[in-house]
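The structure is shown below, and the text then goes through a selection of its features.

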Amino acid sequence: MDHQPWWAGSVGYEVYVSSWADSTGDGLGDLAGITAHLPHLADLGVDLLWLTPFFPSPLADHGYDVSDYRGVDPRFGTMADLEALLARAGELGLRVIADLVVNHSSDQHPWFTASRSSREDAKRDWYTWRDPEPDGSEPNNWAAHFGGPAWTLDEATGQYYLHLFLPEQPDLNWENPQVAQAVDDILDFWFDKGLSGVRIDTAHLFVKHPDLPDNPPASGGKIASLNPDWSALEHVYDVDQDDNLRVHRRWRTVADRHDALLVGETYVLDPQRLARYVPDDGLNIAFFFGAAESGWEPEALAAMLREAVDAVDGRARLGLVLSSHDVPRAVSRFGGGPLGRRRALALHTVLLTLPGLPFLYQGEELGLENGFVPPEQAQDPVARLAPAASRDVARTPMPWAPGPGLGFTTGTPWLPDGGRTEHDTVAVQKGDPGSPLARYRDLVRLRRQTPALHSDGVGWLEHPGLLAYSRGNGAVVVLANLSDSPVRADLPAGYEVALVSSGEKVVDGVVPACAAVVLTRA
Ligand code: NOJ
């Protein structure tokens, strides 16, 4: 207990910077807008804010293509705005982490401009360049996540460069010690500035097999993908290489000097493989995306969560999420409408009471479904590849208040407002004790006030039809009924009901359908 890190028991909240709050009227969210709305997060009771990239960027992938790792894009504000945000967050008791996007930079980053300028440039080896095959084709058969080959030919220097995402996102070469040193310095810079940690983009991708061999054809997709070119291959040599841990370990020594948190975006769905990413000297937290990649499959969801938590021996080392800016919203995936909301709340109650670091994605506290974006207004580069896979549906503006612009902007939002109703808005839900916002606030408060939920360890309980477990040596018992029918449970004696996710009462020991009951020892 003495050695609990500062994030033990925290609840994270992801802010997709472009879509949270616009202070200037240009239709794009910004840092000053976030600062103005921080009280919403303090009210909700979360502790840890993750800001998606706000660095200078051509925005080819909405900021996940960074052209200056130490700045703020003028469209999102200034460094002074960021400092003001951090100061206000501190006053409200909120910690802030930001994205570290260094599998790739933007092709407009001066490092890449230099690298591509000639084969002899000192930065040539900061990226991965290879000669064409004798017939002029790509050096291997690797695919890019967002479609097409993972190689683009630079005509001027006659070599291909590697990019696992867009051609505008060339992959840095993590075999080059100068790259590693440059990124250490960037981490020091941001931790000195006041960030409490980083969310590490694509934490399972940095290191590739040194020989860059062809990947074999797929035998059964273990790693999620938006794109058939990617899914056609077994990703043996490009992703999830053991040596990624070398990079994380190096960063851990930097982070520990600042008592900073390393959260990895580890898109590795197999819990056993994922568990490799949380050794004692590497990432503090590895995201588990199983539930974010799932529709409403109650038995599979319960089994995968149990397997994932067991794979890390019940330690609070997994980032637990139902959604993010990269996947359709959970309420929609779980059936939509009141039923989808009810299911998402039941499962969030599970995530907030299992050992781990849960994150809510903006708008989940409002029970939001996917936003509607007409195809001709699509912004996500993925929409060009596969309109049905567009991530825009999760990225429409945060609905703060009814009316044009939704309180998000006084101008025209960069993405359509998504078709929100007044009941979706913060302003309306605030006054309604039965709203999703009220229930999420209760859930977050319960987690905060219950020390048994802050430490490691879980005891699985066998209750037919329920996902059931205890925390803190029985101080808390959770009975989650993910099925569509009520389940009668033998409630253990000596406990009281602290929360029912649906807001209903537990009568005669019956756990309502699609609801989770949290019991605390009386
Ligand atoms: C993961 C990010 O969450 C996603 O939005 C981005 O497109 C890719 N990494 C590439 O950086």
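This is a predicted model: local features need pLDDT of at least 70, side-chain atom pairs count only at pLDDT 80 or more; totals for chains, interfaces and linings use all residues.

Arg-95 lies over the face of Trp-6, at 4.0 Å from the ring centre.

**Aromatic pairs**

A pair of aromatic rings is described by the distance of the centres and the angle of the planes. The structure holds 24 aromatic pairs. One of them joins Tyr-69 and Trp-111, with 5.5 Å from centre to centre and 35 degrees between the planes, and this pair is tilted. Its two members come from distant parts of the chain, 42 residues apart: Tyr-69 is in the loop between β2 (48–51) and α2 (79–91), while Trp-111 is in helix α3 (residues 110–117). Tyr-69 has a relative accessible area of 4% and is therefore buried, since buried means under 20%. Trp-111, with a relative accessible area of 14%, is buried as well.

Phe-112 and Tyr-161 have ring centres 5.0 Å apart and planes at 65 degrees, so this pair is edge-to-face. Phe-112 lies in helix α3 and Tyr-161 in strand β6 (residues 159–162), so the pair ties together parts that are 49 residues apart in sequence. Both Phe-112 and Tyr-161 are buried.

One aromatic cluster is formed by Trp-50, Tyr-267, Phe-287, Phe-289 and Phe-359.

**The ligand**

There are 13 residues around the ligand, and Asp-61, His-104, Asp-201, His-325 and Asp-326 come nearest. By class, this shell has seven charged, three polar and three nonpolar residues.

| Residue | Distance to a ligand oxygen atom |
|---|---|
| Asp-61 | 2.5 Å |
| Asp-326 | 2.4 Å |
| Arg-391 | 3.0 Å |

Taken alone, the ligand exposes 300 Å², and the protein buries 97% of that area.

**Backbone with positive phi**

Thr-202 is not a glycine, yet its phi is positive, near 45 degrees. Thr-202 is found in the loop between β7 (197–200) and α5 (228–231). With a relative accessible area of 4%, Thr-202 is buried.

Leu-406 also has a positive phi, of about 55 degrees, although it is not a glycine. The loop that holds Leu-406 runs between α11 (381–385) and α12 (426–430). Leu-406 is buried, with a relative accessible area of 4%.

**Separation in sequence and in space**

How far apart are Leu-82 and Trp-111 in sequence and in space? They are 29 residues apart in sequence and 25 Å apart in space, C-alpha to C-alpha. Leu-82 has its place in helix α2, and Leu-82 is buried, with a relative accessible area of 0%.

Ser-470 and Arg-124 are 346 residues apart in sequence, and their C-alpha atoms are 55 Å apart in space. Ser-470 is found in strand β13 (residues 467–471). The relative accessible area of Ser-470 is 15%, so this residue is buried.

Key. Residues are numbered from 1 along each chain as its sequence is written. Side-chain values use heavy atoms; hydrogens and water are left out. A residue is near a molecule or strand if one of its heavy atoms lies within 4 Å of it. A polar contact is a pair of N or O atoms within 3.5 Å; within protein, one must be able to donate a hydrogen and the other to accept it, and residues adjacent in sequence count only if both atoms are side-chain atoms. Accessible areas come from the Shrake-Rupley method with a 1.4 Å probe; for residues, only the protein chains shown count as cover. Ala, Val, Leu, Ile, Met, Phe, Trp, Tyr, Cys and Pro count as nonpolar, Asp, Glu, Lys and Arg as charged, and the others, Gly among them, as polar. Rings of Phe, Tyr and Trp (its six-membered ring) pair if their centres lie within 6.5 Å; planes under 30 degrees apart count as stacked, over 60 as edge-to-face and the rest as tilted. Helices (H or I, at least four residues) and strands (E, at least two) are DSSP runs, numbered from the N terminus. Buried means under 20% relative accessible area, exposed over 50%, partly exposed in between (1.4 Å probe, protein chains only). A charge sits over a ring if NZ of Lys or CZ of Arg is within 6 Å of the ring centre and within 35 degrees of the ring normal.
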